[in-house]
Amino acid sequence: MDHQPKFFENLSGAGKAIGVLTSGGDAQGMNAAVRAVVRMGIYVNAKVYFIYEGYQGMVDGGDNIVEVSWESVSSILQVGGTVIGSARCKSFRTREGRLQAAFNLVQRGITNLCVIGGDGSLTGANLFREEWSGLLEELAQKGKIDAEAVKKYAYLNIVGMVGSIDNDFCGTDMTIGTDSALHRIIEVVDAIMTTAQSHQRTFVLEVMGRHCGYLALVSALACGADWVFIPEYPPEEGWEDSMCVKLSENRARKKRLNIIIVAEGAIDCHNKPITSEKVKDLVVQRLGFDTRVTILGHVQRGGTPSAFDRILASRMGVEAVLALLEATPATPACVVSLSGNQAVRLPLMECVQMTQEVQKAMDEGRFLEAVRLRGRSFENNLNTYKLLSHKKPDAELPKSNFNVAVLNVGAPAAGMNAAVRAAVRVGITEGHKIFAVIDGFEGFARGKIKEISWGDVGGWTGQGGSILGTKRTLPAKYLEKIADQMRTNNINALMVIGGFEAFESCLQLYEARASFEEFRVPMCVVPATISNNVPGTDYSLGTDTALNAIVETCDRIKQSASGTKRRVFIIETMGGYCGYLANMGALAAGADAAYIFEEQFDIRELQANVEHLTEKMKTSIQRGLVLRNENCNENYTTDFIYQLYSEEGKGVFDCRKNVLGHMQQGGAPSPFDRNFGTKISAKAMQWISKKLKETYRKGKVFANTDDSVCLLGIRRRNLVFQPVAELKSETDFVHRIPREQWWLKLRPLMKILAKYKTSYDVSDSGQLEHVAMLPKEAETGAI
């Protein structure tokens, strides 16, 4: 980037008062957003007030509007729901109610509001802002405030954050709470699958989403459900027959269970509701299958927020305070939101109007338009689900005569199996024969390769580890044997799912093309490693699952200290030389420090951290949490840091250490990783098909260009295919990390929220974008 960095130190909140409230339905992660707003506000010297019970508290005033301190938001990061309460408020809908609310705010000098809620809450806030000067004048006329106050508090600034488990707000990839709700749904689906398997049952699951099918669609994609009903995409006429045929075909293929997911707002093409009971009765009457209904209800709103939601909410909270500090009377009310992994600001009313357009399109039966308005991510989910859930009869499949091999390389990572399943099924749909290679390139050299069918990968999405088996061995020492196997099995393309080794392997094969013409075929790397150290991508498969494992453990460890006061925990995370897990784990768990290789540190910094914790022990928060990446420094080991803290903290706090180890690699994949694996792998296989057609000449595939060996990654807001040859210069091969890593920009966030003075580059924020301008290609950040 050639622009000069802009640092937020120049922004001061002195003399400003910020009110924070949560409104509408609660969502996990709201507390993380509240905590970030409070701490960032205090950090920039503003006064921050809690407004309890949403708009009701604003109208009632009194003890409902309270100034808060740094410690007020301690220990709320891991709590679900909202600690400041939320309530539906009829009186705020009246002008009298808003008049009273304005009076209560002016009395405390609050002219900056941070509202965390759904589209209803945010629309209410915008109306309040538009009426503000009129309300103050009316209060002055009634003699409640003086003319000086009218002048001093003339403008109200509003920034919104969307907290809603439904992910039903246009303009934002992910709303706060959506990822956690998916965690709850997937936990239930995984549990139900084991019992359904035992009894050969059909389960109909009803999930939340009155007007939005996001939760139903994504959970169907993440568990490989047989059928899904969502309000935006009603089934065609005669769906009853199609569904029953599909369920009985699956049983005939020896599948012992069926899962059907119904969004609570599901409708047919005549706008008539489709209920879970109706679906159950249909299956029982037509097929006689043993069928059960499970309605998830408020379970989806409950529980602890996921790592993704904590990081999302913390980033949004800090961005919201920056937006309030920069706001002028001319700035429209905005929402801070996420596009890819970028924080963006969008005009609130543009988002609200677009959200209402979706509902209007659905009411008028324009369902394709409704899906399009939901955004690229939603559309992509729907298309991928349709592609993977219904196998066309063999007679209808094209015949490409190409053979594609799929293999896993490197350490196991959650989501690998979802990626293999998607690759196999998309490949078969495209008309290819798909071959599975067992045990990576080592297995390849030994001829451990077999054709794999559609049914072979059923039920793979929820499985952790690598079912195909994976090895770290690179192909360099087996080049001849691998070339032989490719010739023998007539392999025309390779899809390699794995970590840094997968990238290196394809680089080696690319460089060996001069000697082996067998390697002149399209190859695609799908990055999958918990370390998130693959060049060319901001996220790797498996990272989210590992992060959740770390955060869950940190929560338990912190809780263990609640009885014994004054304790500091030193926790070692994996990641090789890449500090992603330590840094993001620290941000999501509310740690006091994180030591990483990318940011060198010395004994003075360790000493400063000990002093910082000593000061902290004098407050009401009497525990500390420090994360250390396993390779951050060869001399300052976990033992050394533990001993240093123990010695220096004598008499003030005691220490415990914990090495998390391989638990970070295990476990069932998170909803994010199941989905990300499925979508990225489907896209990779479609790219392979395109390349095969382009490079097929005179009866054989001949791919010799740089762009025929690519890595598919997420860069900022887009999914991009990058030639591995070009990524070579972006890579530090000694430490196996990319030379530049986007998440280092979030490092100051963790320090600010832990009360350290630091510099934070805000060059990327501050521009108000428009909804229509968001890149259509924007994929995840969202799933």
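Visitor: At what angle do helix α18 and helix α19 pack?
Guide: This is a predicted model, and in it α18 (residues 543-560) packs against α19 (residues 580-589) at an angle of about 50°, with the axes 9 Å apart.

Visitor: Which residues in α18 and α19 meet?
Guide: From α18, they include Leu-547, Ile-550 and Val-551, and from α19, Leu-581, Met-584 and Ala-588 are among them. The residues of this contact comprise ten nonpolar, two polar and one charged.

Visitor: New topic. Where is Glu-232, and is it buried or exposed?
Guide: Glu-232 sits in the loop between β7 and α8. Its relative accessible area is 0%, so Glu-232 is buried.

Visitor: And what does the Glu-232 side chain make a polar contact with?
Guide: With the side chain of Arg-374, at 2.6 Å. Glu-232 also touches His-211, Met-362 and Phe-378, among others.

Visitor: What is phi like at Gln-200 and Asn-532?
Guide: Most residues other than glycine have a negative phi. Gln-200, though, has a positive phi near 50°, and Asn-532 has a positive one of about 55°.

Visitor: Where are those two, Gln-200 and Asn-532?
Guide: Gln-200 is in the loop between α6 and β6, and is partly exposed at 37% relative accessibility. Asn-532 is in the loop between β17 and α18, and counts as buried at 3%.

Notes: Residues numbered from 1 in each chain as written. Predicted model: local features only at pLDDT ≥ 70, side-chain atom pairs only at ≥ 80, totals over all residues. Heavy atoms only, no water. Axes fitted to C-alpha atoms, helices over the stretch in contact; angles between N-to-C directions. Helix = DSSP H or I, 4+ residues; strand = E, 2+ residues; numbered from the N terminus. Contact = heavy atoms within 4.5 Å. Nonpolar A, V, L, I, M, F, W, Y, C, P; charged D, E, K, R; others polar. Buried < 20%, exposed > 50% of the residue type's maximum accessible area, 1.4 Å probe, protein only. Polar contact = N/O pair within 3.5 Å; in protein donor to acceptor, adjacent residues only side chain to side chain. Lists of a residue's contacts leave out its neighbours within four places in sequence.
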